[in-house]
Amino acid sequence: MILWLTIGLLIAAVLLCLYRVARGPSLPDRVVGLDLLSSVTVGFIAVYAVVSGEIIYIDVATVLALIAFLGTVAFAYFIEKGGMPWRKT
Amino acid sequence: MAQNLSALLILLGALFMFIAALGVARMPDLFTRMHSSTKSATLGVGLIMLGAALHFGEIGMTMRVVAIIVFVFLTAPVAAHMLGRAAYFAGVPLWEGTLSDALRGHYDRRTHRLLSDEKVDETSAGDLAV
C-alpha cells in the first residue's frame, strides 16, 4: 500500500519535471529538469526493485546514476563553451 | 520492524523527490530551481536507497547501495555547480525580486576568470544578453 503511494509520488515528480523540460524558457532550465528526471528515475528503479523483489535492478540504478552525471556535465560544458549562439546579440 | 522502517524511509525519499520536482516546476528562476532540485533530490535518492537496502537485508545489496549513495553525494554537487556556473556565463536572467548578485562584476565574462578584488567593466566585457 505504501509502495503504491510512493510510486504515485514519483510519477507526479516525473510529470512535474517533464513540465519544466517542455516549458523551461532557456536551455539550462531544461537541463535542470532532465537532471532531476534522471535522479527520480534512479529512485524509481530502486522502488521497483523492492516491489518486484529482484536485487538485479539495483545494478541498473547504478549505471543510470553514472550516465546521468556524465550527461549533465556534458550539457554544462556545452553551455559554458558558447552553446547558445542563437542568444548572443 | 525492519519492513516498517524500510517502507517509511522509501516513502520519505519519494516525498523529498516530489518536493524537489514541485520546486523545479514552480520556482521563479533557474538558480532557485537548482537550489530546490539538487539538495532534496540527492537526499531523496539516499533515503530510497537506504530503504531498499533495509528491505533486502543482504550484504551484496547493501554494498551496492552504499556505492550508489557515495557516488550520488559526490557527483550531484559537482554537476550542479558546473551547470550553474555555465548558466551564469550564458547570461540566464535572475528573478526580478533578487536582492543582491554577489558575483556581478567579479567574473571576466570573456576569459571566465573569477577576480576577487578588482571590478571588471561590465559594459566592455561583452554583456551576453538573453
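The model is predicted, so local features need pLDDT of at least 70, side-chain atom pairs count only at pLDDT 80 or more, and totals for chains, interfaces and linings use all residues. Residues are numbered from 1 along each chain as its sequence is written, and chains are lettered from A in the order in which they are written.

An α-helix has 3.6 residues a turn, so residues three or four places apart point the same way.

Helix α1 of chain A spans residues 2-23, 22 residues in total. From first C-alpha to last it reaches 32 Å, close to the 32 Å expected at 1.5 Å a residue. Chain A has 3 helices and 0 strands, in the order α-α-α. Of its 89 residues, 45% count as buried.

Now the largest pocket. Its volume is about 320 Å³. Of its 15 lining residues (an atom within 4 Å of a pocket grid point), B:Phe31, B:Tyr88, B:Leu94, B:Asp101 and B:Leu103 are the closest to its centre. α2 and α3 (59-90) of chain B each supply at least two lining residues. The largest share, 4 residues, comes from α3(B). Domain 1 (2-96) and domain 2 (100-130) of chain B each give at least three residues to the lining.

Conventions. Heavy atoms only, no water. Expected span 1.5 Å × (residues − 1). 1 Å grid on protein atoms, 1.4 Å probe; cavity = no way out; pocket = protein on both sides within 12 Å on 5 of 7 lines; lining within 4 Å. Points joined across faces, edges and corners; volume = space filled by probe spheres on them. Domains from an automatic or database assignment. Buried < 20%, exposed > 50% of the residue type's maximum accessible area, 1.4 Å probe, protein only.
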